[in-house]
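Have the structure open while you read.

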Amino acid sequence: MIDGISQVIYIKATNSPKRVHLKPVNYTLRFEPIFSNFTFLASEVLDAYVKKPTNTIRLDAAELLIKKCSVMYGENTINAKTKLDKKTESLTIHLPKKISGRVKILIEFSGILNDRLVGFYRSKYLDKSGKIKYLATTQFEAADARRAFPCVDEPEAKATFDITIIAEKHHTAISNMNLVSKRQMGSKIEYKFARTPIMSTYLLYLGVGEFEFLTSKQGKVQYRIVTTKGNSKKGRFALDLCKRLVASYEKYFGIKYPLPKLDLIAVPDFASGAMENWGAITFRETILLYDPKTSSTQTKQFIAEVVSHELAHQWFGNLVTMKWWNDLWLNESFATFMATKFVDRFYPKWKLWDQFLEDTMNTAMGLDALHSSHPIDVKVKLPSEIREIFDAISYDKGGCVLRMLEHYVGEDKFRQGLRAYLKKYSYQNAKGDDLWNEIGKAARMPVRAMVNSWIGQVGFPLVEVQTKNSTLILSQKRFVLEKKGKQNGLWYIPVSIKSGKKTITKLVTKRQEYLRFNANDIVVNSGRPGFYRVKYSQDLLYNLKSMIVAKEISHVDRWAAQNDLFALCVSGDEQSQTYLEFADAYENEDDYIAISNVASNLFSLYLRTIDEPFSYMIKNIAHEFFKKVFYRLGWDAKKNEPHTNALLRAQVIGALGRLDDEEIIDEANKRFVKYMKDSSSLNPDIQGTVFSIAAWNGDSRTYAKLLALYRKAKSQEEKMRFLSAMCSFKDPKLLLRTLKFSQTDEVRSQNMHLPVVQTAANYYGKNILWPWLKQNWKRIRVKVGAGSPLLNRIIASISAVATDKMEQEIRSFFRSNPTPGTERTLEQTLERIRINNAFLNRMRREYA
Ligand code: BES
Ligand code: ZN
C-alpha cells in the first residue's frame with residue numbers, strides 16, 4: 001500500500017433504490033399532441049418482465065391522467081385499478097391477483113404540453129409575419145420522461161421503443177429513429193418510427209412542429225438540421241462540422257455511430273444549452289444557428305464545442321450509460337473533455353486547450369476551493385438532488401481530472417482503455433470503476449487509486465515548493481479560499497518539474513516529499529496537466545518572474561504562474577501588491593490566455609476596490625495594461641489575425657469602456673450611431689461591447705433605442721446582445737426597468753437569469769439588485785420554473801453585490817423562502833461573500 005493514502009477513507013456513493021420486481025423490455029407508445037388546449041393523448045403498451053409474483057406494479061408517472069389500464073399475461077387480460085401519487089411521482093397498478101413472468105401493461109392516458117421546459121412541453125415563437133406559433137418537444141433528462149408516459153424512469157432500466165406520433169397536416173414529427181411509415185389518418189398524419197436500440201428513458205425524443213430541414217448524407221447516416229421556418233440555412237456550419245466530428249469519433253472509439261439518422265434540432269425555448277437525445281439532439285437556437293453576417297466568433301466556437309460535446313455522448317452516455325446518477329459526472333466530464341479534444345483537431349488555431357485552462361480549469365478551481373464544494377462522486381437519490389449536481393464540479397473539475405488522467409497514462413493507453421470499456425458495455429450500463437479498470441488494465445498503472453483520490457474527496461491540493469541544498473521539498477495540503485480549521489485531504493498528484501529542457505515526474509502521495517533536483521529555475525506542473533495550484537518559495541518565484549520576462553518558459557507556464565499567484569492573493573496567502581509587482585512581467589506578453597487572465601485579474605482588483613481611496617492606483621495599473629493591449633489589437637480585425645484576437649478585443653475594449661477611457665467611449669458612441677444607420681457597419685465580434693459602452697454612457701433615449709433594437713432583432717443571439725446592453729446603464733432607474741422587463745413575456749424564461757447576472761456585474765446595479773430580487777423572488781420562481789437550474793445562477797450572482805453585513809439577511813431570507821435544489825449554491829454564495837470581504841479588508845490594511 002502506498003504510504004499516506006491508506007489513511008484516507010472514501011465514502012462511495014451508493015446506487016439507486018432498485019425496483020427489482022419489474023424489468024421493461026419494450027415500450028410501444030403513441031402520442032397525439034393537441035395544440036388547441038396544450039394537452040396530448042397517448043397510449044402505451046409496456047412489455048415487461050415481472051421477476052417475483054406481485055399484485056402491485058409501480059411505475060414512475062407525473063402530471064398524467066390515466067383513463068384505462070389493463071394487464072395481459074399469458075392468455076389473460078385483467079383490468080387494473082391505478083393510483084397516481086403526486087408526491088412520489090408514481091403510478092401504482094393494483095391487480096386482483098398475483099402475477100409474474102412476461103406481462104404487457106396497456107395504458108390509455110393524457111398529459112399536458114406544459115410551458116416549463118421539462119417533459120413533453122410546448123415552445124412558443126413568432127413566424128416571419130409575426131404570427132404566434134407553437135411546437136412540441138421533449139426534455140427528459142434527468143427524470144422527466146415520467147411526465148410523458150408511465151415508465152421505469154431510471155438509466156439502468158434500458159428498453160427498446162416503438163414510437164408513433166399523430167400530427168396535424170402542417171406539422172412534421174420527429175423522434176430518435178428514422179421514419180418507417182407515414183399515412184393519412186382523418187385530418188391528421190400518422191408517423192411511425194423504427195424501433196430504437198435498447199436505451200434509457202432519459203434519451204427518448206418526441207418533436208412536433210412546422211419544421212424546416214437542412215439535410216445531408218454521409219456513409220449510411222442521414223443528417224438533418226431542424227429549425228423553425230426560415231432558419232435552416234443558419235445550420236450549415238453545425239451540419240458540416242457535425243459530419244466531420246462523427247467520422248472522427250467513429251475512428252477514435254472504433255465503433256460506428258449506431259443509428260441510421262442524426263438530427264440536430266434548434267428549439268426556441270430550451271432550459272439548458274443542449275441535450276444529447278439519441279439521434280435527435282436538441283439545442284438552444286443560439287448554440288446551433290450560425291449566421292456569418294450577425295454571429296460572433298465566440299458563438300461559432302461555442303456551437304462547435306457544444307455539437308462536439310453532444311456527439312461524444314452518443315457513445316459515452318447513450319451507447320454505454322451510467323448505472324445511476326451518481327456517475328452523471330462521468331457522462332458530463334467525459335463529454336466536456338472530448339468536446340475540446342475533437343474540435344481542436346479541426347480548429348487547432350482556436351487554441352481550445354489553452355482556453356480550457358482559462359475557462360474550465362479556472363471555473364472548477366474557483367468552486368472547488370470553497371468549503372461548501374462537494375466531491376465529484378456524490379450520493380443522489382431524489383430528482384432535485386440529481387439536478388443540483390449538474391455543476392462546475394461534475395463538468396469542469398471532472399473534465400480536468402480526465403485530462404490529468406490521460407496525461408498520466410498517455411494518450412494511447414487512455415484510448416485503448418476507453419475502447420475496451422465502450423465495447424464491453426455497449427447497450428448496457430457501467431460504473432466509473434469499470435472505466436478505471438479498463439484504463440488501468442491498458443496502462444498497467446494504479447489508475448483506480450489515483451482517480452479515486454480526485455473524485456472521492458472534496459477539493460484539490462496546493463503544492464508548496466522550496467529548494468534546500470539541491471533538494472526539492474514538495475508539500476501538499478487542500479487549497480481553500482476561506483481560512484478556517486485544519487485542512488484534510490491527501491491526493492495522488494502526478495507532479496512534473498521542469499528546468500530548462502529537463503523534466504522529471506513523480507507521483508506525490510505523501511504530505512511531504514523530498515527530491516534530489518539541483519536547479520533553481522524550475523516550473524512545477526509545467527503545461528498545467530495537474531489539477532492543483534503551486535506556491536513557490538520567494539526565491540523560486542523571483543526566478544520565475546525573470547523567466548517570464550525573458551519568455552524562457554511556455555505561454556501556458558507564464559499564464560499559470562500569475563494565475564496561481566492571484567488565487568493565493570484571494571486566499572490571503574500572498575499580498576495583492578506581490579501580484580501587482582509580478583504582473584509587471586507581462587508588459588510585453590503576447591499570448592492570448594496569459595494576457596486575458598492578467599487583464600481579468602487586474603480588472604477584478606479594480607472592481608473590488610472601486611469605492612476605496614486607493615482605487616486610483618489600481619485603476620491606473622489596469623488601464624495602462626489594457627490600453628497597451630488595445631493599441632496592438634485596434635478596433636478592427638486585421639486580415640488573417642489569430643482567432644483569439646476577436647475574443648481578446650471584445651474583452652479589452654469592454655473593460656476600457658468601464659474604466660472610462662475617453663478615446664474608447666467616443667469611438668464606441670460613433671460606431672453605435674453608425675450601426676443605427678447601417679447594421680452591417682459593425683463587426684459582430686464587437687457589437688455587444690459597443691452597445692454596452694453606449695449604454696454605460698447613455699440615458700433614457702439610448703435605452704429606448706436599445707429596447708427597439710431588441711424588439712426588432714431577428715435572431716436570439718442578437719436579442720441577447722441588446723438585452724445585455726440594457727443592463728449596462730449607470731442610472732439605477734434604467735437598470736430597474738430592465739429587471740422589470742425581464743419578467744415580461746418579451747423575455748423568454750430561459751433567458752430570465754441574464755439580466756440579473758448582468759446587473760449584478762454592473763457596479764451601479766449593486767444597491768438595487770438584492771432589494772429587487774427579494775421583492776420579486778416568488779414571481780421569478782414561477783417564471784423560470786421551480787427547480788430550474790437558472791435559479792442557481794441567479795442566487796450565485798448575489799455574491800457580486802453583497803457585503804458581509806448582508807450575509808445574515810440573505811440567509812434568513814432564503815430560510816423563510818425555501819427554494820429546493822439551491823441549498824448548496826446558497827452556501828457557496830455566502831462563502832464567496834465572506835471571501836470577497838476578507839480579501840477587501842486585507843487590501844485596506846495593505847494600502848492603509
Ligand atoms: N446532458 C446535458 C444536458 C442536461 C443538463 C440535461 C442538465 C439535464 C440537466 C448535455 O449534454 C449538456 O451537458 N449540455 C450542456 C451544454 C454545454 C456543453 C454547454 C448544457 O446544457 O449546459
Ligand atoms: Zn453533456
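This is a predicted model: local features need pLDDT of at least 70, side-chain atom pairs count only at pLDDT 80 or more; totals for chains, interfaces and linings use all residues.

An oxygen atom of ligand 1 is 3.0 Å from an N or O atom in the side chain of His313. That is a polar contact, meaning a pair of N or O atoms within 3.5 Å; inside the protein, one atom must be able to donate a hydrogen and the other to accept it, and residues adjacent in sequence count only if both atoms are side-chain atoms. On its own, ligand 1 exposes 510 Å², and the protein buries 82% of that (Shrake-Rupley areas with a 1.4 Å probe; for residues, only the protein chains shown count as cover).

Residues are numbered from 1 along each chain as its sequence is written, chains are lettered from A and ligands numbered from 1 in the order written, and side-chain values use heavy atoms, leaving out hydrogens and water.

The shell around ligand 1 holds 15 residues, with Glu141, Gly273, Glu276, Glu310 and Tyr395 the closest (near means a heavy atom within 4 Å). By class, that's six nonpolar, five polar and four charged residues. Here Ala, Val, Leu, Ile, Met, Phe, Trp, Tyr, Cys and Pro count as nonpolar, Asp, Glu, Lys and Arg as charged, and the others, Gly among them, as polar.

Which element gives the most to the shell? That's α2, with five residues. Helices here are DSSP runs of H or I with at least four residues, strands are E runs of at least two, and both are numbered from the N terminus. His313 is found in α2, and at 0% relative accessibility it counts as buried (buried is under 20% relative accessible area, exposed over 50%, partly exposed in between, with a 1.4 Å probe and protein chains only).

UniProt, in an unreviewed entry, lists His309, His313 and Glu332 under "binding site". They are spread over 24 residues of sequence, yet they cluster in space, with a largest C-alpha distance of 8.5 Å. UniProt positions follow the numbering used here, feature names are shortened, and annotations may be inferred rather than shown by experiment.

## A buried helix

Helix α11 (residues 555–570) has 16 residues and reaches 23 Å from first C-alpha to last, close to the 22 Å expected (1.5 Å times one less than the number of residues). Of its 16 residues, 15 are buried, so α11 is largely enclosed by the rest of the structure. Gly572, with a positive phi near 90°, follows α11.

Over in helix α13 (residues 592–608) you'll find Asn601, which is buried at 8% relative accessible area. Its side chain makes a 3.0 Å polar contact with that of Gln562.

Most residues other than glycine have a negative phi, and most peptide bonds are trans. Glu141 and Ala142, though, are joined by a cis peptide bond with omega about 5°. Ala142 is in the loop between β8 (132–139) and β9 (160–168).

Arg444 has a positive phi of about 50°; it lies in the loop between α8 (432–443) and α9 (447–455) and counts as exposed at 78% relative accessibility.
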